[in-house]
Amino acid sequence: MASSQNPVLGIALYLDALAERRLAASRCGSCGQVFLPPRPICSTCRGRGMSAEELSGRGRVAAVTSIAIPPSAMAAKGYGRRRPYVTGVVTLEEGPSLTARIDLPEHLGGSLQDRVGMPVTAAFEDEEGSVTLIFRPA
Amino acid sequence: MTRRKKRGLGRGVAIVGGAMSHFGAYPDKTSRDLMTEAYLDALATIDKGMDPADIEAIYVGNFLGELFEGQGHLGHIIADWLGLAPRPATRVEGACASSGLAFREAVLAVASGMYDVVLAGGVERMTNAPLENVHDYLAAAADVPFELHQAALTFPGLYAAMTTAYMAEYGASGEHLMSVAVKNHENGSLNPRAQFNVSLRDIMAQRAAGAEKKGRPVPQWRNEIDFLNDAAANPVVADPLRLFDCSPITDGASCVIVAAEEVAREYTDDVVAVTASAQASAGPFTTWRDGITGIPSARVAGRDAYEMAGVAPEDIDFAEVHDCFTIAEVMAIEDLGFFEPGKGAYASAEGRTARDSDRPINVSGGLKAKGHPVGATGTAQIQEVWNQLRGRAGERQITHKDLRLGLTHNVGGTGGTCAVHVLERI
């Protein structure tokens, strides 16, 4: 149960940590599974003894794409067919995966699938007044 | 997991009518207009006719009426417009699986004994929205704080990421995926209600004629794959997925009428039964235990459907699967057990899913060519399988084999939701 001593394990905790350039997660006290974002109920064993934890930001590319037709928020920043950006899935060394942008400036087009498995590390960039998580080659 | 009893329907449920509206770009038609076309055509398919007063409840699949036309609460709007109020009307939402779920709710409502005759349908109005907004709207089906806000992924981007994971795991290429688009356009060319009622060869000929008319250099493509490899003709949307790997933006509706088996013969002597109705969920794909080269909810729903129907994948004669992207059809035919993991892309390129193959996939043209008005897709699949099982699919009717068992596979999002149904001619 959440109390004033224990932060609510959820999206807000993750975003607050991100603003401080940290990756917040939670670990199940029963089975040890780590979750990002932090969540209150273990989806593996249904245990509720979760505690907050911070992750290293080291991981590997699990899936990757380069977006030519962006959502409007990215189009407003100048991204598009002439300026695609790379994004995808990173699996962190502690176990959980997350979706985030990936900076592979030398690679736009070509065989993206060759980047699957590449070691990357979390970088925290200031973009228009807020901290954006972008993974870079380790 | 403790399962208290084997899952099954409380009593037999049959389909007695079904139709889809013309799928395409009809920006002036509202959800009501589209649904009316599908409903009236579905009533007209009932062999012995039906008094609309027999319809006791309505389930309408719709994903994003609020965003696409500023209209939520669609259940009562549709019930009134079809002249069916005050029958209970429920809007069902499961992203692109909305009407697969609406159909399932109708089946369960009849199986429960509450009603004898229920209407299930779906509708989505999409092309009136500015194109730049459509990706944003559809992204509402994703895990918004992460997949959209953090990663800036679009739906083509999500499936493109799954594609690179699949390619890295199994060595398949973009050309293997292109074979899915070639096949589904070929099938769509035989479906008069499809958005793309044309083969890729027809599209290539149109483009060449257009270039000639404008005095531009006339492109010389050797074949469909050569055309699809041309970055000018088939631009990248989210690498490695290109325009022709993606299903289109579509306006349309579909409608199916289900009845208890014990009353079905009042409406038809050519009865198709619902022998399995299964549904499963999953979290965002970052939570999947076995990677993202297949969709776990589809595997679970498929397994449960086979168990309920008492059949195996090899017993299924043909299927309509959720090819929102070419990679999605490849994953579907693997998740459903038609091909082993990693073999679906090669099987597609070898023609093993073609209309004249042992197990035809998406003879309607699929989402790719038939069109994908997201809320309407589930019951559009159901009515196609129903028509094929009854031998009434016109020019695209499967004729080289007897059809007894057909399957539908309807996915919401990247697999957060999946509904699988097995229909049987009895």
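This is a predicted model: local features need pLDDT of at least 70, side-chain atom pairs count only at pLDDT 80 or more; totals for chains, interfaces and linings use all residues.
**View 1. Chain A as a whole.**
Chain A contains two helices and eight strands. Along the sequence they run α-β-β-β-β-α-β-β-β-β. Its C-alpha atoms fill a box of roughly 50 × 30 × 25 Å along the principal axes. Of its 138 residues, 43% count as buried. Among contacts in chain A with a separation of 6 or more, 49% join residues 24 or more positions apart.

**View 2. The contact between chain B and chain A.**
How many residues does each chain bring to the contact? Chain B gives 30 residues and chain A gives 36 residues. The two chains bury about 2,400 Å² between them. Carbon and sulfur atoms hold 61% of that area. On the chain B side, B:Phe146, B:Gln150 and B:Asp239 lose the most area to chain A. Together these three make up 26% of what that side buries.

Four elements of chain B give two or more residues to the side that touches chain A: helix H5 (131–138), helix H6 (144–150), helix H7 (155–170) and strand E5 (236–239). H7(B) gives the most, with seven residues. What is the make-up of this side by residue class? It divides into 18 nonpolar, seven polar and five charged residues.

**View 3. Strand pairing across the two chains.**
Strand E4 (residues 58–67) of chain A pairs with E5(B). The sense is antiparallel, and the pairing runs over two bridges. A:Ile67 has B:Ala238 of E5(B) as its bridge partner.

**View 4. Helix H3 of chain B and its cover.**
H3 of chain B spans residues 74–81. Its buried residues include B:Leu74, B:Gly75, B:Ile77, B:Ile78 and B:Ala79. What covers them? The cover includes helix H1 (31–44), strand E2 (57–61), strand E3 (89–92) and strand E4 (117–124), which belong to chain B. Just after H3(B), B:Gly83 takes a positive phi of about 75 degrees.

B:Lys183 lies in helix H8 (residues 174–188) of chain B. Is this lysine, B:Lys183, buried or exposed? B:Lys183 counts as buried because its relative accessibility is 11%, below the 20% cut-off. Beyond its neighbours within four places in sequence, B:Lys183 is in contact with B:Glu329, B:Thr353, B:Ala354, B:Ile361 and B:Asn362. The side chains of B:Lys183 and B:Glu329 are joined by a polar contact of 2.5 Å. B:Ala354 is 171 residues from B:Lys183 in sequence. In space, the C-alpha atoms of B:Lys183 and B:Ala354 are 6.5 Å apart.

**View 5. A salt bridge in chain A.**
The structure holds 30 salt bridges over all chains. One of them joins the side chains of A:Arg136 and A:Asp103, at 2.1 Å from N to O. Where do the two partners lie? A:Arg136 sits in strand E8 (residues 130–137) of chain A. A:Asp103 sits in the loop between strand E6 (97–102) and strand E7 (119–127) of chain A. The pair therefore ties together parts that are 33 residues apart in sequence. A:Arg136 counts as partly exposed, at 27% relative accessibility. A:Asp103 is partly exposed too, with a relative accessible area of 26%.

**View 6. A salt bridge between an exposed and a buried residue in chain B.**
B:Arg222 and B:Asp226 form a salt bridge, with their closest N and O atoms 3.6 Å apart. B:Arg222 is exposed, with a relative accessible area of 68%. B:Asp226 is buried, with a relative accessible area of 17%.

The side chains of B:Glu384 and B:Arg396 meet in a salt bridge of 2.8 Å, N to O. B:Glu384 lies in helix H16 (residues 377–389) of chain B, and B:Arg396 in the loop between H16 and strand E10 (405–412), so the pair ties together parts that are twelve residues apart in sequence. Both B:Glu384 and B:Arg396 are buried. In a network, salt bridges that share partners join B:Asp47, B:Asp270, B:Arg390, B:Arg392 and B:Arg425.

How values were computed:
Residues are numbered from 1 along each chain as its sequence is written. Chains are lettered from A and ligands numbered from 1 in the order in which they are written. Side-chain values use heavy atoms; hydrogens and water are left out. Contact means heavy atoms within 4.5 Å. Buried area is the accessible area (1.4 Å probe) that two parts lose on being put together, summed over both. Ala, Val, Leu, Ile, Met, Phe, Trp, Tyr, Cys and Pro count as nonpolar, Asp, Glu, Lys and Arg as charged, and the others, Gly among them, as polar. Two strands pair if DSSP finds at least two bridges between them. Buried means under 20% relative accessible area, exposed over 50%, partly exposed in between (1.4 Å probe, protein chains only). A polar contact is a pair of N or O atoms within 3.5 Å; within protein, one must be able to donate a hydrogen and the other to accept it, and residues adjacent in sequence count only if both atoms are side-chain atoms. A salt bridge is a side-chain nitrogen of Lys or Arg within 4 Å of a carboxyl oxygen of Asp or Glu.
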